[in-house]
Amino acid sequence: MSRSAATGVDGDPSWRALPARVRALIGRHPAFSVIIAIAVLVRLAAMLAYRPAVFFNDSFDYLHAALDPYPHPLRPSGYSFLLLALEPLHSFAVVAAVQHLMGLATGVMIYALLRRRFGLPGWGAALAAAPVLLDAYQIQLEHLVLSDAPFIFWVTAAVTLLLWNERPGPKAAAGVGLLVAAAWLTRSVGLPVLLGICVFMVLRRVGWRTIAVTLAACALPVAAYMGWYSQVHGKFAMTESNGVFLFARAYKFADCRKIPDLTVDEQQLCVLPDNKLPNSQDGIWDRRSPLKRVVDMRFGPRQNEIAGGFSRKAIVAQPGDYATVVAGDFFRTFRWEREVFPDLKTYRLYEFEKSPQPLPTWSMDADSTAADVADEYERGSAQPRVVEPFGHLVRVYQDHVYLRGTMVGVLLLVGLAGMAPLWRRFGGAAFLPWTLATGLLLAPAATAEFDYRYVLPAVPLASLAAGMAFAGPLGAASSRRRARREAAAGVDAGAREGTPERPAVASSS
């Protein structure tokens, strides 16, 4: 037998050409090395195929707020700050590359946390990281000029830092607070993330000083942003849109015949059930929406106040109807097949398409359109283009390699099964990622409407919770069986050698 055949990759000249540290790292983490190599290659293919990036309807608001910074009334401007930081490079390809690196880093954090802190075997931790690293829709989300990929990164980093040690110190607590602030400034749903982390810290009895450090570190940048918002818009807030988005939820079920004490302004939003548009989001975006009856600028303070008041009264008056639409959208997450929802136009924005859509020409201000804003950021044409055959490869990959909704449900169920035996300790460390994952899935259903891109931020957290289940109670049974087998083998060997062996003791994390 030749040396090459005997030693496998060690005899391969290309393997020996790698730096010693890289070879050692791959040798220690073979399964994860294969998965992350595939993840890198697919992301490189996406960048070669879809240049310079892919755009979503919201992309142009973020770009507008980055080129001439201001606190946007519709959504927090944290993502615009990232675009502003990258703006001197004048390249959407760089923006996409940074977001792909964030996606890869998210997978690395899942793997590292499960290996180091919870003792999962390499193949198990690699399997938990695979949904984030290999899911085609996650990769497409990273390639969009959109806030979701950074939000996923910030939240996963906060959870990883908090769980890295048994009890976080002041520096770790401050880091967690800053990461949650970054997530909150990127998407408004960062507020429930902060609440979930604080509840977890209280249950784990980390100490009030540690909790205070976390809250202070989070509050400082958020308060500074809200102060800026107050200077521009006259209100100490993050946005001026919560009421409008809640109206999208209420629009689906609200029946004014069942809602008492509506003001004259709120009555403008009444629509007979038979005359309603088909989707919740039509209550905001469609030109036939009753919100158009409110005399105010789009997402203005008066419109937001009236829509919020109407929606809260509808929820109180029709709690059963509200619960029904929330449950319907929440459980839509776990369907096996991806259906065209909420409409074909929105659905197509999450697909790598054969022909790119032209940049929109709607007005951003008196002097520019959405296409103008994109071209200004790029300092040239930002019109997306598809390069073959890379585009074909990426589209075939997306057709076959993605996390189905039912699989997300399985991850949550596995995490819940691992938590159940630890009910006296509120499920142990898995309580944090599991509750955050469930909350991130429930929040859009409760406050706006289901959307496929709202599912993806929950996946890293659900994967962590599932991995922790096998490191804890679900892994304990297999550990005991393995220990019994090893003990039996040791007894047999001792009998043969004439030396008694001491049985191994199973341990549970």
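**View 1. The buried residues of helix α5 are S59, F60, D61, Y62, L63, H64, A65 and A66.** A residue is called buried when its relative accessible area is under 20%, exposed when that value is over 50%, and partly exposed in between, with a 1.4 Å probe and protein chains only. This is a predicted model, in which local features need pLDDT of at least 70 and side-chain atom pairs count only at pLDDT 80 or more, while totals for chains, interfaces and linings use all residues, and side-chain values use heavy atoms, with hydrogens and water left out. Residues are numbered from 1 along each chain as its sequence is written. Helix α5 covers residues 59-67 and is mostly covered, since eight of its nine residues are buried. Helices (DSSP runs of H or I, at least four residues) and strands (runs of E, at least two) are numbered from the N terminus.

**View 2. L83 and L63 belong to the largest nonpolar core.** Such a core is a set of buried Ala, Val, Leu, Ile, Met, Phe, Trp, Tyr and Cys residues joined through side-chain atoms within 4.5 Å. The largest one has 150 residues, and those that touch the most other members are F55, L63, L83, F92, L114, I197 and M468. When neighbours within four places in sequence are left aside, L83 is in contact with Y62, L63, A66, V95, V145 and Y377. In soluble globular proteins, nonpolar side chains tend to be buried together. For the protein chain as a whole, with its 25 helices and two strands, buried residues make up 53% of the 509 residues.

**View 3. C256 and C270 form a disulfide, with their sulfur atoms 2.0 Å apart.** The pair links distant parts of the chain, with C256 in the loop between α14 (242-251) and α15 (264-267) and C270 in the loop between α15 and α16 (282-285), 14 residues apart. A disulfide is a pair of cysteine sulfur atoms within 2.5 Å, and a search of the whole structure finds one. The torsion about the S-S bond of C256 and C270 is about -100°, so the disulfide is left-handed. The C-alpha atoms of C256 and C270 are separated by 5.9 Å. Not counting residues up to four places away in sequence, C256 touches L262, C270 and F310. C270 counts as partly exposed because its relative accessibility is 22%.

**View 4. C198 and C218 have their sulfur atoms 7.9 Å apart.** The closest cysteine sulfur to that of C198 is in C218, and the distance is too far for a bond.

**View 5. The largest cavity is lined by 17 residues.** A cavity is a set of points, on a 1 Å grid over the protein atoms alone, where a 1.4 Å probe fits but cannot get out, and its lining residues have an atom within 4 Å of a point. Grid points are joined across faces, edges and corners, and a volume is the space filled by probe spheres set on the points. The structure holds six cavities of 30 Å³ or more, and about 180 Å³ of space lies in the largest. Among its lining residues, R338, L403, G405, Y452 and V455 lie nearest its centre. By class, the lining has nine nonpolar, two polar and six charged residues, where Ala, Val, Leu, Ile, Met, Phe, Trp, Tyr, Cys and Pro count as nonpolar, Asp, Glu, Lys and Arg as charged, and the others, Gly among them, as polar.

**View 6. A cis peptide bond joins F341 and P342, and another cis bond runs from E388 to P389.** Omega is about -5° for the bond between F341 and P342, and P342 is placed in the loop between α18 (319-332) and α19 (344-348). For the bond from E388 to P389, omega is near 5°, and P389 is found in the loop between β2 (385-386) and α21 (390-400).

**View 7. H90 has a positive phi although it is not a glycine, and so does F426.** In H90, phi is about 50°; this residue lies in the loop between α6 and α7 and counts as partly exposed at 22% relative accessibility. In F426, phi is about 55°; F426 is found in the loop between α22 (405-419) and α23 (431-447), where F426 is partly exposed, with a relative accessible area of 46%.

Terms used:
1 Å grid on protein atoms, 1.4 Å probe; cavity = no way out; pocket = protein on both sides within 12 Å on 5 of 7 lines; lining within 4 Å. Contact = heavy atoms within 4.5 Å.
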